[in-house]
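Here is a short report on one predicted protein model. Look over the sequence and the structure, then read on.

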Amino acid sequence: MKISIRILFATLFTICIGCNSTTKQKETEAPKKPNVIVILIDDAGYADFGFMGSKDLETPNIDALATSGVVLTDAHVSATVCAPSRAGIMTGKYQQRFGFEANGTGGIGLSDDVVTIADVFKSNGYRTYALGKWHLGFDTTDHPNQRGFEEFYGFSAGGRSYFPVQNPRKSHMLQHNGERVIFDGYLTDVLGDQSIKYIEESAKDPFFMYLAFNAVHTPMEAKEEDLKKYENHPRKELAAMTWSLDQNVGKLIAKLDELGIRDNTLIYFLSDNGGAHNNQSTTGPLKGWKGNKFEGGHRVPFIVSYPNEIKGGATYNGLTSSLDIFATSIEVANISKPENLILDGVNVIPYLKGEKEGEPHKQLFWRKLEESAARIGDYKTVHLDNYGTVMYNLDTDLGETVDLSKTQVEKFNELQNAYQNWETIVSDPLWDEENNWMDATYHIHKMLMQNKEPKYKSPSKDPSIVIERVKIGNWDIP
C-alpha cells in the first residue's frame, strides 16, 4: 500500500509539473499576428448602404460589419477616379509623388521603385493575396505577383463583364497568377468564393488580403434571380448588384467566424471613389460624383472593424484618408516601417479608440491634371486651371454651394499657400487623359463651381456644344 501511495504521489507530481510547464508555455507563446483584409469596392455611391442611410438598397451583411466596427464619416480617398486612388491605397502615399495622377495607367503603371503594402507584409512573414480589379499597370513589372502578392486572382483592366467572355483581351481575362481562368457564373460570386478559399488555406498563417470587387462599376449586370428580386425597383440593376456584393461580404465574414479568426482580423471596407454618374448611384447630400473634386467625388463610405482592439457600434468624425490603411495596418501587425519609406497616412487606431486627441489629418490635398482641391479643417477649396478657385465651409455647407473665397480672404490664402507647399513635394503627372474626357471634366467642374447643372457628364457627341478648352503646346487649357 505504501509503495502504491508513493507511486500515486509521484505520478500526480509529474502530471502537475507537466501542467505547469504547459501553462507557462502557453503564457509565453507570442500571440498570433492579426490578419488584414481591405475590401475595396468600385464606384459606390456615398449614400448607397444601409449604414450610410440608404432606404432602398439592402446591405444587411455590410451593415453588420459596420456595427462591428467604426464608421468614418469624414473619410476620403486620394483620387476621384479608379487607378490613381488604388495607387494611393497600395503605396500609402500621395500617388502624385510618383507621377500616377491621371486615370488609366499611361502605359507606365506603378513606378518600379515604389514599395507596396503587400511588399512589406510579404517580407514580414505574411501570406499575401490580391483578388479582383487591379488597374495599376499591364507590364510584367506591374503584375501583382511582382508587387508583393504571392497570389493574384483577378483581372488587370479597369472593368469587364461580370459574366464569362468567350475571347477576352489579356487585360480583361480572369487570371490566376498570369494563367487564364475559365469560370462559370457571376464574377462577384467567383471572387467571393476565391477569397474564402484563400482564407481557408491561410487559417493558421497571418495573411494580408486585398479584395477588390469590381462591383458596382459598369457594366450594369446582375444575376437573373437578383434582377427578379428587384424587378420593380427604380434602381433595379444597382440594387441587384449591391445585393450580390453584400451576400459575398457576408460569406467572407461567416468564414472568418467559422475558423475562429474574426476577432483577430482587421477589416477595412471602402469605395475607391465616389459614385459614378452612369451606374444609378447616389451621393446623398454631397455635391458632385466620380471624377470631380467636390465631396461626391472623394468622400466615401468607410468602415474599420477590428474586434480585438476596437469597440463596435461607433462613428468617428475626424478627417481620415484611404492613405491611412498602409500605416495603420503595419502598426497593428507590429511591423516596423522600412527605413526611408515615405507614408502620407497615419495609424488611425489610437484615434478610433479615443486614446489620441485631435484628428489624423489637419489637411488633405487632391489633384488630377487641371482640377485640384485642398482641405484644412472644415474649409475646402476647389480649383480649375485658367478659370478660378472657390472655397467652402463644409461644417455649415456640406453641399458646397456658398463660395467664401471673397469674404474670408485670410482663410482662403491659408489654403492656397498650403496647397502650393504641397505641390513642392509631388511630381508632374507622367500621363494625361484623352482630350474628350478632359473636355468633359473641365466642363463639369466649371458648371458645378457656378452651382449649375452640367450640360453633359461624359464626352459629348452634340456638335452644338462648344469645347471649352483648346490645345496649346503639350497642355490643354480653356
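What volume does the largest pocket have? The largest pocket has a volume of about 660 Å³. Of the 28 residues that line it, the closest to its centre are Val81, Asn103, Lys290, Glu433 and Trp437. Helix H12 (residues 435-449) gives the most to this lining, with five residues. The terms need their rules. On a 1 Å grid over the protein atoms alone, a pocket is an open set of points with protein on both sides within 12 Å along at least five of seven lines, a cavity is a set of points where a 1.4 Å probe fits but cannot get out, and lining residues have an atom within 4 Å of a point. Grid points are joined across faces, edges and corners, and a volume is the space filled by probe spheres set on the points. Helices (H or I, at least four residues) and strands (E, at least two) are DSSP runs, numbered from the N terminus.

Residues are numbered from 1 along each chain as its sequence is written, and side-chain values use heavy atoms, with hydrogens and water left out. The score pLDDT is the predictor's confidence in each residue, from 0 to 100. Its mean over the chain is 92, and 90% of the residues reach 70 or more. Over residues 1-28 pLDDT stays under 50, and the model has zero contacts there beyond four places in sequence. A contact means heavy atoms within 4.5 Å. Residues 471-478 also stay under 50, but have 20 such contacts. Where pLDDT is low, the predicted coordinates should not be read in detail.

**A covered strand**

Strand S1 spans residues 35-41, and seven of its seven residues are buried. Buried means under 20% relative accessible area, exposed over 50%, and partly exposed in between (1.4 Å probe, protein chains only). Asn35, Ile37, Ile39 and Ile41 are on one side of S1, with Val36, Val38 and Leu40 on the other.

Aspartate 42 lies in the loop between S1 and helix H2 (60-67). Is aspartate 42 buried or exposed? Aspartate 42 is buried, with a relative accessible area of 0%. A polar contact of 2.7 Å joins its side chain to that of lysine 133. Such a contact is a pair of N or O atoms within 3.5 Å; within protein, one must be able to donate a hydrogen and the other to accept it, and residues adjacent in sequence count only if both atoms are side-chain atoms.

Glutamine 175 lies in strand S5 (residues 175-176). Glutamine 175 is buried too, at 3% relative accessible area. Its side chain makes a polar contact of 2.8 Å with the side chain of histidine 143.

Helix H9 (residues 324-332) is largely enclosed by the rest of the structure, because eight of its nine residues are buried. Just after H9, asparagine 334 takes a positive phi of about 60°.

The whole structure holds three cavities of 30 Å³ or more. About 50 Å³ of space lies in the largest cavity.

Conventions. Predicted model: local features only at pLDDT ≥ 70, side-chain atom pairs only at ≥ 80, totals over all residues.
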